[in-house]
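Visitor: I am new to this structure. Could you show me how to read it, feature by feature?

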Amino acid sequence: QRLSSTASVAINPLTSGKGLSASVRFCIERLRELLKDRNLSIRESNSYGIFNLRGSLIALLLSQVKEDFLWIDRDDEEAKRIFQDILFFKRLLREDERPFFLPSDEGPSQEGYRAGVLLSINSKNPKIKGLITSVDLIERRFWQPELLNRCSLLIKTGLEIERLGLVDRLITLGYRKVAFVTEPGEFSLRNFIMEVFPSTANSPLRIEFFGDEIESIRFFDVETQRSAEGVSEFMILPARAPEAREAITFSDVLDLSSLRGRLFLRDDRKLIEKIKTGITEDFTVLGEEPFITEDLRVIRDGGSLSLSGRGLLYNERRGIDELPENIRELIKDHSVLITVRTPAQAKRLKDLFFDHGLVVPVVPVEELMNYEGPAAITIETLSSGFALNGFILLTEKELFGPGPSIRPTPHYR
């Protein structure tokens, strides 16, 4: 029998606590109840869905999964947005655990990053909980862990190694020999100086030899050629995809049977069909819309409310000067958190509110859970906001209109 629960919780958190921190805790409890209900229901049915998780609510919910989980999105851009939003909520809640983001596209940096993630997965780091990726990753090859451990190249000061032997090792790992190093996956050799741009680094390395002994290892700037800080050792990972004889599949990397109830998919029909036909039928669907497209046995309402009609959105105001009065009305029965990307933008909003008789301080994200006022501004990157009963989260997307959805992250670091 198909089950459905569409009623939102009607308790106002401001009646049982104080201000913003109490509102956030109330939202967290609401989402944990949904996860608990899913864990109970998954024993009877392998099809479960939560709809009406608007804005960054999917990321907030995933941040509360306390065991290893897998989130599969429809493309890398969406997956990276979820990943970065989860990191925001982890900082907000002061939780050490964090997921990995695993890109699916090609290139030396991406290959190196995937190899590094594979090593971390096998090391079973207790602070790593979850993997965020896109459906395109399913068709990628992954290095066999044992082979990856053997062929990865650890260089360190004091190590004796023939320079030509090191060249052969780098070529085997997919690095290209060039005259001047400019991008990941390249290396050069001039007498007793070797330069390597590791597939996992933001800057290249300059390795100086004394005979066949590594005397120093330093990062350097590609533009100025100036050496920067030195390191005592560095692990150089592959800059190429593994060949068929060196590879394992996506299903080999992750034991999906052990993830029962912890495989999450975006509500996208093509994505779901691909997972059902090629991987497993045991998953949980999460959707932003007020409905689920897939026919699932158990469906629950995420409880998000519309931000429209409150005078908060950029296209509902004649100008930013109207925002303070709308916020003043809102904080009578809601707590409000505003995220902006820069200190200048935070100061602008703080001064605007103050000029209209509202004290809305700028609070570091790590201190928000101790803040008991009704409204605050924090300087962070978040893709979008949401509204739950008693709590509203706003970002620059809602206040000023769409912009870049994710911040650039060089070489996936």
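Visitor: By about how many helical turns are Glu 78 and Arg 81 separated in helix 3?

Guide: This is a predicted model, so keep that in mind throughout. Helix 3 covers residues 76-92. Glu 78 and Arg 81 are three residues apart there, so about one helical turn separates them.

Visitor: What do the side chains of Glu 78 and Arg 81 form?

Guide: Side chains of opposite charge can pair when their charged atoms come close. Here the side chains of Glu 78 and Arg 81 meet in a salt bridge, at 2.7 Å from N to O. Both residues are buried.

Visitor: Which residues are linked with Glu 78 and Arg 81 in a network of salt bridges?

Guide: Asp 73, Arg 74, Arg 266, Asp 268 and Glu 288 belong to that network, along with Glu 78 and Arg 81. In the whole structure, a search finds 27 salt bridges.

Visitor: Are Lys 90 and Glu 95 buried or exposed?

Guide: Use the cut-off: buried means under 20% relative accessible area. Lys 90 has 8%, so Lys 90 counts as buried. Glu 95 has 17%, so Glu 95 is buried too. Their side chains meet in a salt bridge of 3.2 Å, N to O.

Visitor: And Arg 318, buried or exposed?

Guide: Exposed means over 50%. Arg 318 has 81% relative accessibility, so Arg 318 counts as exposed. Its salt-bridge partner is Glu 322, at 2.8 Å from N to O. Glu 322 is partly exposed, with a relative accessible area of 27%.

Visitor: Which residues gather in a patch of negative charge?

Guide: Look on the surface. Glu 160, Glu 162, Glu 208, Asp 212, Glu 213 and Glu 215 gather there. Take Glu 162 as one of them. Glu 162 sits in the loop between strand 7 (153-156) and helix 6 (163-172). Glu 162 is exposed, at 55% relative accessible area.

Visitor: Where is Glu 246, and is it buried or exposed?

Guide: Glu 246 lies in the loop between strand 14 (233-236) and strand 15 (247-248). With 7% relative accessibility, Glu 246 counts as buried. Setting aside residues up to four places away in sequence, Glu 246 touches Phe 142, Trp 143, Gln 144, Leu 147 and Arg 240.

Visitor: What is Ser 21 in contact with?

Guide: Start with its place. Ser 21 is part of helix 1, residues 19-41. Ser 21 is buried, with a relative accessible area of 5%. Apart from neighbours within four places in sequence, Ser 21 contacts Leu 368, Met 369, Asn 370, Tyr 371 and Glu 372.

Visitor: How should I read backbone angles?

Guide: Most residues other than glycine have a negative phi. Asn 52 has a positive phi, near 60°. Asn 191 also has a positive phi, of about 55°.

Visitor: Where do Asn 52 and Asn 191 lie?

Guide: Asn 52 is in the loop between strand 2 (47-51) and helix 2 (57-62). Asn 52 is buried, at 6% relative accessible area. Asn 191 is in the loop between strand 9 (186-190) and strand 10 (193-196). Asn 191 is exposed, at 64%.

Visitor: How many helices and strands does the chain have?

Guide: The chain has 11 helices and 22 strands. Of its 413 residues, 54% count as buried. The chain exposes about 19200 Å², and carbon and sulfur atoms supply 49% of that area. Now take contacts between residues at least 6 apart in sequence: 70% join residues at least 24 apart.

Definitions and conventions: Residues are numbered from 1 along each chain as its sequence is written. This is a predicted model: local features need pLDDT of at least 70, side-chain atom pairs count only at pLDDT 80 or more; totals for chains, interfaces and linings use all residues. Side-chain values use heavy atoms; hydrogens and water are left out. Patches are made of residues with over 30% relative accessible area and no salt bridge: like charges are joined within 9 Å, nonpolar side chains (Val, Leu, Ile, Met, Phe, Trp, Tyr) within 5 Å. Accessible areas come from the Shrake-Rupley method with a 1.4 Å probe; for residues, only the protein chains shown count as cover. A salt bridge is a side-chain nitrogen of Lys or Arg within 4 Å of a carboxyl oxygen of Asp or Glu. Lys and Arg count as positive and Asp and Glu as negative; His and the chain ends are not counted. The place of a charge is taken as NZ of Lys, CZ of Arg, CG of Asp or CD of Glu. Helices (H or I, at least four residues) and strands (E, at least two) are DSSP runs, numbered from the N terminus. Buried means under 20% relative accessible area, exposed over 50%, partly exposed in between (1.4 Å probe, protein chains only). Contact means heavy atoms within 4.5 Å.
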